[in-house]
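I open these notes to keep track of what I look up, entry by entry, in the structure shown below.

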Amino acid sequence: MVRKIPLYVDHSKDGLTDTKCGTCAMRLTSPSARFAPCAIVEQQISLLRGTCNYWIKGPASSPDKASGSKMTKETAGYVLRDKVVCSTCMHYGPNYCKLWQAKVRPGDCCIAWED
Ligand code: SF4
Ligand code: SF4
């Protein structure tokens with residue numbers, strides 16, 4: 001049983017293996033399989049290695065959903081990493097989150113991921 005953690009992403013339930021821009025609803029449609037613009041973060045984002053504090057699962061958005069004033073990557077907490085899940089987070093102990101003091105699974109994630 002997993003205790004409620006704010007914005008906890010149950011990857012087994014969602015059919016995901018990671019929490020990257022490529023599965024985020026804020027990414028805008030792009031002809032590239034690797035890079036795309038984001039609706040709320042400046043510049044191009046990496047679909048395969050990028051993520052930020054505003055990740056939310058969903059299909060790509062159309063370009064008209066882009067915000068007029070996007071935040072910088074630094075403000076969004078944007079990072080490039082190979083794997084963004086509980087097991088690669090600084091708060092992770094074996095099957096336990098030291099930040100939220102709750103049981104977690106190594107392949108899941110939440111908005112507070114940090115390395
Ligand atoms: S930069 Fe953040 S908000 Fe934009 S697509 Fe990536 S995870 Fe989503
Ligand atoms: S280990 Fe990290 S990513 Fe996982 S729930 Fe805790 S803070 Fe969130």
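**Ground rules.** I note that this is a predicted model, in which local features need pLDDT of at least 70 and side-chain atom pairs count only at pLDDT 80 or more, while totals for chains, interfaces and linings use all residues. Residues are numbered from 1 along each chain as its sequence is written, and chains are lettered from A and ligands numbered from 1 in the order in which they are written.

**Glu-114, continued.** Not counting residues up to four places away in sequence, Glu-114 touches Cys-89, Met-90 and His-91, contact being defined as C-beta atoms, placed from the backbone, within 7 Å. I also noted that Glu-114 and Asp-64, 50 residues apart in sequence, have C-alpha atoms 31 Å apart in space.

**The chain as a whole.** I find 2 helices and 7 strands in the protein chain, and from the N terminus on the elements run α-β-β-β-α-β-β-β-β. The C-alpha atoms fill a box of roughly 40 × 25 × 25 Å along the principal axes. With 115 residues, a compact globule would have a radius of gyration near 13 Å, and the 14 Å of the protein chain agrees with this; the radius is taken over C-alpha atoms, and the globule rule is 2.2 Å times the number of residues to the power 0.38. Of the 115 residues, 24% count as buried, and among contacts with a separation of 6 or more, 63% come from residues 24 or more positions apart.

**The sheet.** I traced an open sheet of 3 strands in the order E5-E6-E7, with antiparallel pairing; two strands pair if DSSP finds at least two bridges between them. Strand E5 (92-93) and strand E7 (102-103) are the edge strands, each pairing on one side only. Between E5 and strand E6 (residues 96-97) I find 2 bridges, and Gly-93 stands opposite Tyr-96 in E6.

**The ligands.** Which residues are closest to ligand 1? I read off Cys-21, Cys-24, Met-26, Cys-38 and Cys-52 as the closest of the 15 residues that surround ligand 1, a residue being near a molecule if its C-beta atom, placed from the backbone, lies within 6 Å of it. By class, this shell has 12 nonpolar, 2 polar and 1 charged residues. Around ligand 2 there are 13 residues, the closest being Cys-86, Cys-89, Cys-97, Cys-110 and Trp-113, and that shell divides into 12 nonpolar, 1 polar and no charged. Here Ala, Val, Leu, Ile, Met, Phe, Trp, Tyr, Cys and Pro count as nonpolar, Asp, Glu, Lys and Arg as charged, and the others, Gly among them, as polar.

**The cores.** I looked up the largest nonpolar core and found 11 residues, including Cys-21, Cys-24, Met-26, Cys-38, Cys-52 and Tyr-78; such a core is a set of buried Ala, Val, Leu, Ile, Met, Phe, Trp, Tyr and Cys residues joined through C-beta atoms within 7 Å. Apart from this core lies another, of 10 residues, among them Ile-5, Val-84, Cys-97 and Cys-110.

Is Val-9 buried or exposed? I count Val-9 as buried because 23 other C-beta atoms lie within 10 Å, and its place is in the segment before H1. Leaving aside neighbours within four places in sequence, Val-9 is in contact with Asp-14, Thr-19, Asp-108, Cys-109 and Cys-110. Leu-7 also lies in the segment before helix H1 (11-14), but Leu-7 counts as exposed, with 11 C-beta neighbours inside 10 Å. I noted a positive phi of about 55° for Leu-7, although it is not a glycine. Most residues other than glycine have a negative phi.

Methods
A residue is buried if 20 or more other C-beta atoms lie within 10 Å of its own, exposed if 12 or fewer, and partly exposed in between; C-beta atoms are placed from the backbone. Helices (H or I, at least four residues) and strands (E, at least two) are DSSP runs, numbered from the N terminus. Two residues are in contact if their C-beta atoms, placed from the backbone, lie within 7 Å.
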